[in-house]
Amino acid sequence: MGSPLYMKGGFVSELSDDVIAAASAHATDGPAGGDCSLSFWAQGGAIGRVPDNAAAFAGRTAGWSVSTEAMWDDSAHDQAHMAWARRAMGTLKPFTTVGQYVNDAVDADVASVRAIYGNEKYDRLVGLKRKYDPDNVFRLNANIRP
């Protein structure tokens, strides 16, 4: 069994001085007993050439995907590491656009899943789920409930 992992993420349009300052404020303040990091992944190219409403993937117009990641080995460190990731992403939240990369999502409540896609896409996905998976067989993910 691996180490616990907690992530928060989003999309930012650009790596402005304010975004870099917000990320830097948390780059070295992770709690003891684990490994905490912030990552920026360049987007664009083929992702940006597909119209935003053509598929469920959000963030097509963002220049960067950003995530905070916390890993640790001892369950005594659970709360401190999850709190660090939430706090770091909370500092970056004012700079984010709609959505986050769904495969990085660890929170699966309805509000969190809705935030991944944005309201319009989420509602469209609920309609598809009701039509093609009304029994919610495919639910072991960032679940969209029928």
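Lys-131 is exposed, with a relative accessible area of 59% (exposed means over 50%, buried under 20% and partly exposed in between, with a 1.4 Å probe and protein chains only). The model is predicted, so local features need pLDDT of at least 70 and side-chain atom pairs count only at pLDDT 80 or more, whereas totals for chains, interfaces and linings use all residues. Residues are numbered from 1 along each chain as its sequence is written, and side-chain values use heavy atoms, with hydrogens and water left out.

Lys-131 belongs to helix H5; helices (H or I, at least four residues) and strands (E, at least two) are DSSP runs, numbered from the N terminus. The side chain of Lys-131 is joined to that of Tyr-132 by a polar contact of 3.4 Å. A polar contact is a pair of N or O atoms within 3.5 Å; within protein, one must be able to donate a hydrogen and the other to accept it, and residues adjacent in sequence count only if both atoms are side-chain atoms. Between Lys-131 and Pro-146 there are 15 residues of sequence separation, and their C-alpha atoms are 8.3 Å apart in space.

The protein as a whole has 5 helices and 3 strands. Its radius of gyration is 16 Å, close to the 15 Å given by the globule rule for 146 residues, so the protein is as compact as a globular protein of that length. The radius of gyration is taken over C-alpha atoms, and the globule rule is 2.2 Å times the number of residues to the power 0.38. Along the sequence, the elements follow the pattern β-α-β-α-β-α-α-α. Taken along the principal axes, the box filled by the C-alpha atoms is roughly 50 × 35 × 20 Å. Of the 146 residues, 35% are buried. Among contacts (heavy atoms within 4.5 Å) with a separation of 6 or more, 69% are between residues 24 or more positions apart. The accessible surface comes to about 8,500 Å², and 54% of it belongs to carbon and sulfur atoms. Accessible areas come from the Shrake-Rupley method with a 1.4 Å probe; for residues, only the protein chains shown count as cover.

Strand pairing links E3 to both E1 and E2. Two strands pair if DSSP finds at least two bridges between them. E1 (residues 5-12) and E3 run antiparallel and are joined by 8 bridges, with Tyr-6 standing opposite Ala-70 in E3. The pairing of E2 and E3 is also antiparallel, over 9 bridges, and here Phe-40 stands opposite Val-66 in E3. Both E1 and E3 are mostly covered: 6 of the 8 residues of E1 are buried, as are 7 of the 9 residues of E3.

Thr-68 lies in strand E3 (residues 64-72). With a relative accessibility of 0%, Thr-68 counts as buried. Its side chain reaches the backbone oxygen of Ala-85 at 3.1 Å. Leaving aside residues up to four places away in sequence, Thr-68 touches Tyr-6, Met-7, Lys-8, Ser-37, Leu-38, Trp-84, Ala-85, Ala-88 and Met-89.

Thr-96 sits in the loop between H3 and H4 and, at 18% relative accessibility, counts as buried. A polar atom of the Thr-96 side chain lies 2.8 Å from the backbone oxygen of Lys-93. Apart from residues up to four places away in sequence, Thr-96 is in contact with Gly-10, Phe-11, Val-12 and Met-89.

In helix H1 (residues 17-24), the buried residues are Val-19, Ala-22 and Ala-23. Seen down the axis of H1, these fall within an arc of 95°, so they line one face of the helix; the arc is that of the directions from the helix axis to the C-beta atoms. Asp-17 and Asp-18, on the other side of H1, are exposed. The buried residues of H1 pack against strand E2 (34-42) and helix H3 (78-92).

Helix H4 (residues 110-117) has Ser-112, Val-113, Ile-116 and Tyr-117 as its buried residues. These cover an arc of only 135° around the axis, which puts them on the same side of H4. Their cover includes helix H5 (119-132). Just after H4, Gly-118 takes a positive phi of about 85°.
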